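Subject: Structure handover and findings

Hello,

Please find the structure below. My notes come after it.

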There are 2 protein chains.
Amino acid sequence: MCAKLNVAVLIYPGVEMIDMNGPIDVFIKANGLNNGKYNIYSLAETLGSIPSENSLVTLTPTYSFANCPEPSIIIIPGQIISEGPPPEIGNGSEKLIAWLKEMGDKSSITIMSVCIGAYILARTGMLAGKKATTHYSSIKDFQSKYPNTHVIKNVRYFKDGNIVTTGGITSGIDGALSLIEQLDGVDIAQHVSDIMVYNRGAPLPPYTLLPPYDD
Amino acid sequence: MCAKLNVAVLIYPGVEMIDMNGPIDVFIKANGLNNGKYNIYSLAETLGSIPSENSLVTLTPTYSFANCPEPSIIIIPGQIISEGPPPEIGNGSEKLIAWLKEMGDKSSITIMSVCIGAYILARTGMLAGKKATTHYSSIKDFQSKYPNTHVIKNVRYFKDGNIVTTGGITSGIDGALSLIEQLDGVDIAQHVSDIMVYNRGAPLPPYTLLPPYDD
């Protein structure tokens with residue numbers, strides 16, 4: 001019997017609803033097709049109540065850094081964004097960054113940021129020298145803040161080794177499906193996207209496309 | 001100054017993550033473009049902790065039936081579904097059904113079910129004589145259980161008067177965007193879907209399409 005793969009989803013005050021729940025839903029639905037391969041849990045710096053974006057729902061994580069099982073996959077959602085680069089990203093505390101760095105040192109781990117969760121990942125230094133993407137409205141800002149990262153635009157997600165970064169919001173669903181394809185095969189990934197009535201093949205909405213030579 | 005429109009999102013044990021959070025996210029993002037027109041809140045039968053699908057996150061609602069502001073719009077998400085018709089739908093308690101019936105009697109209210117949240121709505125009797133849709137894997141079961149409803153297949157959502165029903169999971173995003181289009185206009189609806197990097201125009205995934213003459 002194989003051990004389950006631990007999938008940790010970071011939550012923090014203001015966490016974006018689909019950034020967080022898109023990937024969660026993908027892994028839950030995959031579990032229904034692969035004999036429950038994934039042990040999915042939410043995780044925060046400390047236990048206790050966490051207000052989601054706009055405080056619409058109060059979330060309580062399954063684990064804190066202090067007691068969580070060692071993750072094989074970490075998902076880092078973004079937080080609320082209206083337009084343009086956010087003034088402050090997530091909680092991104094020193095403790096969170098230190099924990100992520102420690103996790104990132106393990107060669108067996110996969111880390112995926114969703115939307116502007118890429119800023120949290122960048123702060124750990126793990127995106128230096130890597131190719132990565134983020135929400136289309138933050139691409140320029142991200143590139144200027146992290147010039148050592150080769151920022152890719154007009155994609156739903158980008159994989160560079162064991163790091164996956166995704167574009168805005170629903171693109172987290174695409175990123176998670178790409179991990180399912182890698183870990184469970186294309187048929188299960190397609191089945192999950194069917195159950196979710198999600199069209200993986202859909203083009204990016206035209207307005208979100210950035211011109212090819214604008215930087 | 002106009003009063004805000006109250007948007008109530010029902011939550012209950014096992015609530016599906018995207019069914020619930022897709023529409024929430026749409027209304028949150030619309031609020032960023034229309035001067036905060038919507039007062040969005042989560043709502044459950046009683047206050048206290050509620051485990052979401054697979055107990056991944058524990059949710060605490062903003063209000064209970066006893067103290068919630070009178071809603072103008074009610075969203076009813078579905079619960080976990082693997083394949084085929086679910087054995088039991090949501091909490092669907094008598095109290096919930098009675099509350100929905102009371103709300104449904106108001107001519108000014110809009111009610112939207114997501115995915116198999118349609119079963120909860122059907123139990124209130126509000127879908128009798130109406131056209132409605134649900135998750136593709138439950139279409140036949142739903143039609144056999146509710147023969148007085150004209151079940152529409154192969155659509156992301158369907159509006160019949162003040163009742164909106166949507167197909168599976170991500171289709172709740174489409175249903176909510178259709179309400180934004182109605183209430184805020186097509187430009188804001190398009191802008192919200194752009195921010196979410198969601199392609200409204202995408203076709204349904206081929207495997208989810210039901211044959212035209214199978215019933």
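Predicted model: local features only at pLDDT ≥ 70, side-chain atom pairs only at ≥ 80, totals over all residues.

Residues are numbered from 1 along each chain as its sequence is written, chains are lettered from A and ligands numbered from 1 in the order in which they are written, and side-chain values use heavy atoms, with hydrogens and water left out.

**Between the chains**

Chain B puts 46 residues in contact with 46 residues of chain A (contact means heavy atoms within 4.5 Å). About 3800 Å² is buried between the two chains, and carbon and sulfur atoms give 62% of that area. Buried area here is the accessible area (1.4 Å probe) that two parts lose on being put together, summed over both. Leu56(B), Asp194(B) and Val197(B) supply 18% of what chain B buries against chain A, more than any other three residues.

There are 2 salt bridges between chain B and chain A (a side-chain nitrogen of Lys or Arg within 4 Å of a carboxyl oxygen of Asp or Glu). In one of them, Lys29(A) pairs with Glu16(B), with the closest N and O atoms 2.5 Å apart.

An open sheet has 4 strands, in the order E3(A)-E4(A)-E4(B)-E3(B), with antiparallel pairing. Strand E3 (50-51) of chain A and strand E3 (50-51) of chain B stand at the edges with a single partner strand each, so one side of each has no neighbour in the sheet. Helices (H or I, at least four residues) and strands (E, at least two) are DSSP runs, numbered from the N terminus. Two strands pair if DSSP finds at least two bridges between them. E3(B) is joined to strand E4 (residues 58-60) of chain B by 2 antiparallel bridges. Pro51(B) has Thr58(B) as its bridge partner there.

**Strand E2 of chain B**

Strand E2 (residues 38-44) of chain B has 6 of its 7 residues buried, so it is largely enclosed by the rest of the structure. Buried means under 20% relative accessible area, exposed over 50%, partly exposed in between (1.4 Å probe, protein chains only). Strand E1 (residues 5-10) of chain B runs parallel to E2(B), joined by 6 bridges. Leu5(B) faces Tyr38(B) in that pairing. With strand E5 (residues 63-64) of chain B, E2(B) makes 2 parallel bridges. Here Ala44(B) stands opposite Ser64(B).

**Strand E11 of chain A**

Ile163(A) and Thr165(A) point one way from strand E11 (residues 163-166) of chain A, Val164(A) and Thr166(A) the other way, and all are buried. Strand E7 (residues 110-113) of chain A pairs with E11(A) in the parallel sense over 3 bridges. Ile111(A) has Ile163(A) as its bridge partner. Strand E10 (residues 157-160) of chain A pairs with E11(A) in the antiparallel sense over 4 bridges. Phe158(A) is opposite Thr165(A). The hairpin of E10(A) and E11(A) has 2 residues between the strands, and Gly161(A) takes a positive phi near 65°.

**Helix H5 of chain A**

The 14 residues of helix H5 (residues 171-184) of chain A should span 20 Å at 1.5 Å a residue, and the end C-alpha atoms are 19 Å apart, which agrees. The expected span is 1.5 Å times one less than the number of residues. H5(A) is mostly covered, with 11 of its 14 residues buried. Among them are Ile173(A), Leu177(A) and Ile180(A).

Best regards
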